[in-house]
Amino acid sequence: MEENKKKLGFNIIKKDPLDGHKGFGKGALTLDNVSPVIIDVEAGEAEIDVGAMHARSAVEKGIKFLPNKEEVPNGKPYWLIWVTIDRNEAGPYYAGVTACYMTVDREIRRGYKSLPEHVNRMDKSLKRHIIVDDMEPKSKKILADFLRAHNEILWNNSSEELKKGLSAE
């Protein structure tokens, strides 16, 4: 991924826009606190790419995604991680972290991903779930190191479930 790009941080925790509102939309989830992280497995790098919110990340641009892995046999592996930040009595923390696999073959401009899985995992992240079991140990370590380096306080305040899920076992 490009080094000269402007570094982005996670979305800031905002006050609930529907707080005190009892009408339509009360109880709806807000995307204000979720950020997508893309892991380039081969390069061993992770970065926040807000374009992924609408399938327009640097990795996804110009790629036609197919629902069958076999149609993209030479695809480069990536993980799209949905990271939701929340605040508890200890302070802000990584509340929801869910992983979605995809591959991209730039040469043929095709890729593989399960769009329903990506949407459902974003929803699970918003609902404060930790789903990282599908990831191989190398990618788990990349993500754990990235989250820790991005903000040590968020990492320290996060659940043992997340830390154990990303530990290199």
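How many bridges pair strand 5 with strand 6, and in which sense, parallel or antiparallel? I started my notebook with that one, and the answer is four bridges in the antiparallel sense, with strand 5 covering residues 91-105.

**Ground rules**

I am working with a predicted model, where local features need pLDDT of at least 70, side-chain atom pairs count only at pLDDT 80 or more, and totals for chains, interfaces and linings use all residues. Residues are numbered from 1 along each chain as its sequence is written, and side-chain values use heavy atoms, with hydrogens and water left out.

**Overview**

I counted four helices and seven strands in the protein chain. For these I took DSSP runs numbered from the N terminus, helices being H or I of at least four residues and strands E of at least two. Along the sequence I read the pattern β-β-β-β-β-β-α-β-α-α-α. Of the 169 residues, 42% are buried; that word means under 20% relative accessible area, with exposed over 50% and partly exposed in between (1.4 Å probe, protein chains only). I also looked at contacts, meaning heavy atoms within 4.5 Å. Among those with a separation of 6 or more, 66% join residues 24 or more positions apart.

Asp105 stands opposite Arg110 in strand 6. The two strands make a hairpin with four residues between them, and Arg109 in the turn has a positive phi of about 55°. Strand 6 (residues 110-113) also runs parallel to strand 3 (residues 64-66), joined by three bridges. There I found Phe65 with Gly111 of strand 6 as its bridge partner.

**Strand 1**

Which residues cover the two sides of strand 1? On one side I noted Val34, Pro36, Ile38 and Asp40, on the other Ser35, Val37 and Ile39, and all are buried. Strands 1 and 2 form a hairpin with four residues between them, and Gly44 in the turn has a positive phi of about 70°.

**Helix 1**

I checked the length of helix 1 (residues 115-126): at 1.5 Å a residue, its 12 residues should span 16 Å, and the end C-alpha atoms are 17 Å apart, which agrees. The expected span is 1.5 Å times one less than the number of residues. The buried residues here are His118, Arg121, Met122, Ser125 and Leu126. They cover an arc of only 145° around the axis, so they sit on the same side of helix 1; the arc is taken from the directions from the helix axis to the C-beta atoms. I see them pack against strand 1 (34-40), strand 4 (76-88), strand 5, strand 6 and strand 7 (130-131).

**Arg128**

Just after helix 1, Arg128 takes a positive phi of about 70°. This residue belongs to the loop between helix 1 and strand 7 and is partly exposed, with a relative accessible area of 33%. Arg128 and Ile85 are 43 residues apart in sequence, yet their C-alpha atoms are 8.8 Å apart. Leaving aside neighbours within four places in sequence, Arg128 is in contact with Thr84, Asp86, Ala95 and Gly96.

**Aromatic rings**

I pair rings of Phe, Tyr and Trp (its six-membered ring) if their centres lie within 6.5 Å; planes under 30 degrees apart count as stacked, over 60 as edge-to-face and the rest as tilted. By this rule I get one aromatic pair. The rings of Trp79 and Tyr101 have centres 5.2 Å apart and planes at 65°, so the pair is edge-to-face. Trp79 lies in strand 4 and Tyr101 in strand 5, so the pair ties together parts that are 22 residues apart in sequence. Trp79 is buried at 3% relative accessibility, whereas Tyr101 is partly exposed at 25%.

**Ser158**

My last stop was Ser158, in the loop between helix 3 (152-157) and helix 4 (160-165). Is Ser158 buried or exposed? Ser158 is buried, with a relative accessible area of 5%. Its side chain reaches the backbone nitrogen of Tyr94 at 3.0 Å. Beyond its neighbours within four places in sequence, Ser158 is in contact with Tyr93, Tyr94 and Lys163.

Notes: A polar contact is a pair of N or O atoms within 3.5 Å; within protein, one must be able to donate a hydrogen and the other to accept it, and residues adjacent in sequence count only if both atoms are side-chain atoms. Two strands pair if DSSP finds at least two bridges between them.
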